[in-house]
Amino acid sequence: MIDFTAHYFTMKEADAIEYARTMLDYFDASSELTCKEIGDGNLNYVFRVVDSKTGRSIIIKQAGPVARISDEFKLSTDRNRIEYEILKLQNDLAPGLVPKVYKYDPIMSCCVMDDLSDHIIMRKALMEHQSFPQFAEDITTFMVNTLLLTSDVVMEHKTKKELVKSFINPELCEITEDLVYTEPFMDHPRNDVFPPTRAFAEAELWADKELLLETAKLKFEFMQNAQSLLHGDLHTGSIFVKKDSTKVIDPEFAFYGPAGYDVGNIIANLIFAYIHTDAMLAEEVRKEEHKNWLAKSIEEIIDMFKVKFLDAWKEKATEVASRYEGFDQFYLEGIIKDTSAVTGLELCRRTLGIAHVKDITTIQPEEKRARAEKLCLAAGKRFILERSNISRGTDFVRLLKESEARF
Ligand code: SR1
Ligand code: MG
């Protein structure tokens, strides 16, 4: 029998079954357990344990000591505690929009949560050209509740600072500082540049001093602005969906940073889906329908976010200065500018950096992928440089469509 209370080791499927039997009070003694490791992210191991007699199932998620994508990234397994604690907090702030968590084990660095196998990872679903009419509503509720309600606008300031302390996340922040804000904007050895895209990246990004200066400003904004408790990695691979349900998962990059980081990640990843559909869906009518739905979702997410944010501010703000006329609008404008900038950063870094997205890498043939990547970079650059002029949902869609028309 394995002793899970002595010291950490990385589990295999058989260990996860034994863990479920001996460490969880979830399955009956008569259960017939099977397990599959289903993690397809860059960092962790995700074990799905199922009782084949009853169909009951659970997820055990374990943090490994190095990233799966590359063992260059040595990471504290404390990220599993962060994930467990923030999922509990997010479930209080945005009930029903995250999986329920049941246990955190600091020795094995694993946590136990609901199995969402009746949902599908949103990136995959979008690449199959599915649409989710409920998504804009759900994700804007999630973002407004988690971002505004954890800020100094609403929280008592000393309590907020306790949260800043508890969610200090230096190693995962360093990944973002390097992979999002730095490496894609230079010819860095860790980048993974598709050869037909290289000349475009060199001329349009790496040689553009104005752009580099803006990325420096944004990097310092990311490092220094403890505005809201972010999810920190809110892309479509961190979201489970079905037609009437949205569940945000994987918040291990959580920390106090600029609120627009989360919103921008959502927008950029819907743009990847839009570009994927444009390149890969052969049937014209379906292609236009899906692209229109994605464009409408981008527009609605920005506009709904703004309306819900101001409504929640009216209802929940406690900070006395936040009630001065015009401050809510000023504050929100800052978040939308950051949203535009992060949309641009994410478009560039997923194209040139080490961590790609399948929406783009699966585009074939090569010429189509090269076109898609140039579109990502050209739009990305404009979202960064023109962020001061981008405010409404239609501004985001207009910039996307103008960039599309260029290639
Ligand atoms: C080393 S981790 C690479 C990327 O995967 C995560 O999901 C984050 O997006 C990170 O940047
Ligand atoms: Mg993740």
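User: Is Cys-35 buried or exposed?

Analyst: This is a predicted model, where local features need pLDDT of at least 70, side-chain atom pairs count only at pLDDT 80 or more, and totals for chains, interfaces and linings use all residues. Side-chain values use heavy atoms, without hydrogens and water. Buried means under 20% relative accessible area, exposed over 50%, partly exposed in between (1.4 Å probe, protein chains only). Cys-35 has 14% relative accessibility, so Cys-35 is buried.

User: How many disulfides are there?

Analyst: A disulfide is a pair of cysteine sulfur atoms within 2.5 Å. For Cys-35, the nearest cysteine sulfur belongs to Cys-110, 12 Å away. For Cys-110, the nearest is that of Cys-111, at 7.1 Å. The count is 0 disulfides.

User: In what order do the strands of the open sheet lie?

Analyst: Strands (E, at least two residues) are DSSP runs, numbered from the N terminus. Two strands pair if DSSP finds at least two bridges between them. Here 5 strands form the open sheet, with antiparallel pairing. Their order is β1-β2-β3-β5-β4.

User: Which residue in β5 is the bridge partner of Lys-61?

Analyst: Strand β3 covers residues 57-63, and β5 covers 110-113. These two pair in the antiparallel sense over 4 bridges. In β5, the partner of Lys-61 is Cys-111.

User: What angle does helix α2 make with β4?

Analyst: Helices are DSSP runs too (H or I, at least four residues). Helix α2, residues 79-93, touches β2, β3, β4 and β5, where contact means heavy atoms within 4.5 Å. Axes are lines fitted to C-alpha atoms, for helices over the stretch in contact, and angles run from 0 to 180 degrees between N-to-C directions. The angle with β4 is about 155°.

Notes. Residues numbered from 1 in each chain as written. Chains lettered and ligands numbered in written order.
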